[in-house]
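The sequence and the structure are shown first.

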Amino acid sequence: MNSADDLYRELRWNNQFQVMGTLPRNLQQVIDERTRGSGAGTTVVAYDGRSGEEGQAAVQRYQQLVAQKPQWHAPWRLSKVINGHLGWVRCVAVEPVDNEWFVTGSNDTTLKVWDLASGKLKLTLSGHTMGVRDVAVSERHPYMFSASEDKLVKCWDLEKNTAIRDYYGHLSGVHTVDIHPTLDLIATGGRDAVVKLWDIRTRKAVKTLVGHKAPITKVKCTPVDPQVVSSSTDTTVRLWDIVAGKSMKVLTHHKRAVRSIALHPGEFSLASACTDDVRSWRLPEGSLLTNFQSQSTGVINTLSINDDNVMFAGGDNGVLSFYEYKSGHLYQQTSTQEVRGSLESERGVLTSTFDATGLRLITGEVDKSIKIWRHVEDATEENQPGLPWNPNLSGQRF
Amino acid sequence: MIRVALQRTDTYKRSYMYANVKLYTHIYFFFPSALLIVEATSTRQNTVRIATMTTSHRPQLEARSGAKAANYVPTSTEHARLLPGHKTVKYRSSNRAKLESKSKNDPRSPKETHSVSNSVDSDEESGDPEAEADGLLDEEEEDSEDEDSEDEKEQFRQELIRLRQRQANITDNKQRTSTRINTDAEGESDTKKAGWRSKTVFGRKKSNSSNKKVTKTENAGYVNNMTKSNYHQNFLDKYVK
């Protein structure tokens, strides 16, 4: 009987508490009392379960993890709510050059351009006949591209404020669009499970990348190989070799539909999210970098990363999670407030982006509003430490 | 004899296939996923309509392109802006030149437009920078401190006023957008006799209760859902009921 208890205790300890940096308070109290009672002055109690070389290695790794304390970031707060759309706000993009305005696309088939500083409506663009699913503003051209469920991708001239080109060829709704940073190409993906590369100038589909088995959720372009990265509801992320027209690598780690991917603006790496699981990948080769602390986040609709290594994950149930990108540390988790006059169930983040400085976060939500989030002003590491750093051996930087 | 119409319930294409079969089991043999609907349209023959699921939900495993098909005939309609000759691409001029020209044209805009719009709070943009500089240069050195503090106070006051105005504008805008969504008609629901619709789950009762909660606040009457707005409910009452 005694030995069974011991066995259970040991198992429980090894499985659950051994790798924790700080124990639950009640457990810590018990351990404190015991150590005081026995008179053994050992403060490091977490490692007594293991022995031998394997244990040593684990201990070393754990200590390394604890030593890599994540960089502190100020917490975020809601600063502005913008109403105006008549449907879900499905996509948002900030002008990358001057950082003066941002554009949102909605299920009400319109694109709206807003002033970033004041939040005032500057322009409403209509032309699509079904909901707008993604929008991208070019850094090199005065153009904006929008993808819609009406199977069209439109190119908007920002000097004339009209649609000047249609890219027609997807067999079903288009879910995502991205602009190649150096070539005059756009990549689109949609419900027909192919990624198409279009020549901006001639409106021809240059390449059709076949391989995904389910609708594509997000496409991203990078200047060097892999030049196109796409995620899909078939739970994979594919890195494409666009010259050969094949996928270089298929990342199959996720268990559920990958709803979003995001490129880091500085580091050449990629983050991908499925339900309860966010991971980042080193890019040319696509090897796993970090498991984020995202075990009970729920369905994640959107990811965005800024220059100071803050990664934002917006949940389908309205949960906002902020991660330190390098360590995968979840430092803040809050919930959006639904706009007055909307239902509680309309809490949900559909899309997000940081502005060019990374100081503002813009989210598009189910309650038809756009919300702008900022840092809490007078936050310091002392008064706003954030969620505790509890490194886990499964979540690590490889 | 049974006439079978195979209907693809695609949103865009609707094709009927007719086949003569003797038994329904044959149909199930050929189309196991088919939904069988028997329509007795005429006395002579029974029409069996089979609604198969479309394949548009399935992924496209073969890359297909309509233009390559043998019997593809391109339409003669051409969009005015999508002519085949329109193949020029515009590029952005360098950002710096653009910024400089902007600051020349508009002296009121501060020179560091970029950094201001980037910086944390754009509401705090100061007034006319040139005027300030002039004012400082004109003052004597001894007076400058007092004058400075006076100036600062003045500036702060003006800034505060400007902020308030801006806030007022923003709230105005918000109200305008919300009023565009729903025009309010208050108190009408009380006088009217409650219809059977008000007792249903999606009836007016719900919208009323949510409105009641809202009326306390300054953003009164804003309902996110257009079909739950008072305007729409009144419209339904008037014309549809």
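## Serine 342 of chain A

In this predicted model, A:S342 has a relative accessibility of 13% and therefore counts as buried, the limit being under 20%. The residue is located in the loop between β25 and β26 of chain A. Apart from neighbours within four places in sequence, A:S342 has contacts with A:D367 and B:N224.

A:D367 lies 25 residues from A:S342 along the chain, yet the C-alpha atoms of the two are separated by 6.3 Å. The side chain of A:S342 also reaches a backbone atom, namely the oxygen of A:V339, at 2.4 Å.

## Threonine 351 of chain A

Strand β26 of chain A, residues 349-354, contains A:T351. This threonine is buried, with a relative accessibility of 6%. When residues up to four places away in sequence are not counted, A:T351 touches A:V89, A:R90, A:C91, A:V92, A:T302, A:I362, A:T363 and A:G364.

Most residues other than glycine have a negative phi, and most peptide bonds are trans. The peptide bond that joins A:D225 and A:P226 is cis, with omega at about -5°. A:P226 is placed in the loop between β14 (216-221) and β15 (228-232) of chain A.

For A:K151, phi is near 75°, and the residue is in the loop between β7 and β8 of chain A. Are these two residues buried or exposed, wholly or in part? A:N99 is buried, at 1% relative accessibility, whereas A:K151 is partly exposed, at 22%.

## Aromatic pairs

A pair of aromatic rings is described by the distance of the centres and the angle of the planes. The count over all chains comes to ten aromatic pairs. One of them is formed by A:F292 and A:Y325, whose centres are 5.9 Å apart and whose planes make an angle of 45°, a tilted arrangement. This pair links distant parts of the chain, 33 residues apart: A:F292 is in the loop between β21 (287-291) and β22 (300-305) of chain A, and A:Y325 is in the loop between β24 (319-324) and β25 (329-335) of chain A. A:F292 is buried, with a relative accessible area of 2%, and A:Y325 is likewise buried, at 0% relative accessibility.

In chain B, the rings of B:F235 and B:Y239 have centres 5.1 Å apart and planes at 55°; the pair is therefore tilted. Both residues belong to helix α8 (residues 230-240) of chain B, and because they are four residues apart there, about one helical turn separates them. B:F235 is partly exposed, its relative accessible area being 36%, while B:Y239 is exposed, at 57%. Elsewhere, in chain A, ring pairs join A:W76, A:F312, A:F322, A:Y331 and A:F354 into a cluster.

How are the buried residues of α8(B) arranged around the helix axis? The residues concerned are B:N230, B:Q233, B:N234 and B:D237. Viewed down the axis of α8(B), these buried residues fall within an arc of 100°, so they line one face of the helix. The face of α8(B) turned away from the buried side carries the exposed residues B:Y239 and B:V240.

## The largest nonpolar core

The largest nonpolar core has 15 residues, and those that touch the most other members are A:Y143, A:F145, A:V153, A:Y167, A:V177 and A:I186. Two or more residues of this core come from each of the elements β7 (143-148), β8 (152-157), β9 (162-168) and β10 (174-179) of chain A.

With residues up to four places away in sequence left out, A:V177 touches A:D134, A:V135, A:A136, A:F145, A:A147, A:V153, A:I186, A:A187 and A:T188. Among these, A:F145, A:V153 and A:I186 are also named above as core members.

Definitions and conventions
Residues are numbered from 1 along each chain as its sequence is written. Chains are lettered from A and ligands numbered from 1 in the order in which they are written. This is a predicted model: local features need pLDDT of at least 70, side-chain atom pairs count only at pLDDT 80 or more; totals for chains, interfaces and linings use all residues. Side-chain values use heavy atoms; hydrogens and water are left out. Rings of Phe, Tyr and Trp (its six-membered ring) pair if their centres lie within 6.5 Å; planes under 30 degrees apart count as stacked, over 60 as edge-to-face and the rest as tilted. Buried means under 20% relative accessible area, exposed over 50%, partly exposed in between (1.4 Å probe, protein chains only). The arc is that of the directions from the helix axis to the C-beta atoms. A nonpolar core is a set of buried Ala, Val, Leu, Ile, Met, Phe, Trp, Tyr and Cys residues joined through side-chain atoms within 4.5 Å. Contact means heavy atoms within 4.5 Å. A polar contact is a pair of N or O atoms within 3.5 Å; within protein, one must be able to donate a hydrogen and the other to accept it, and residues adjacent in sequence count only if both atoms are side-chain atoms.
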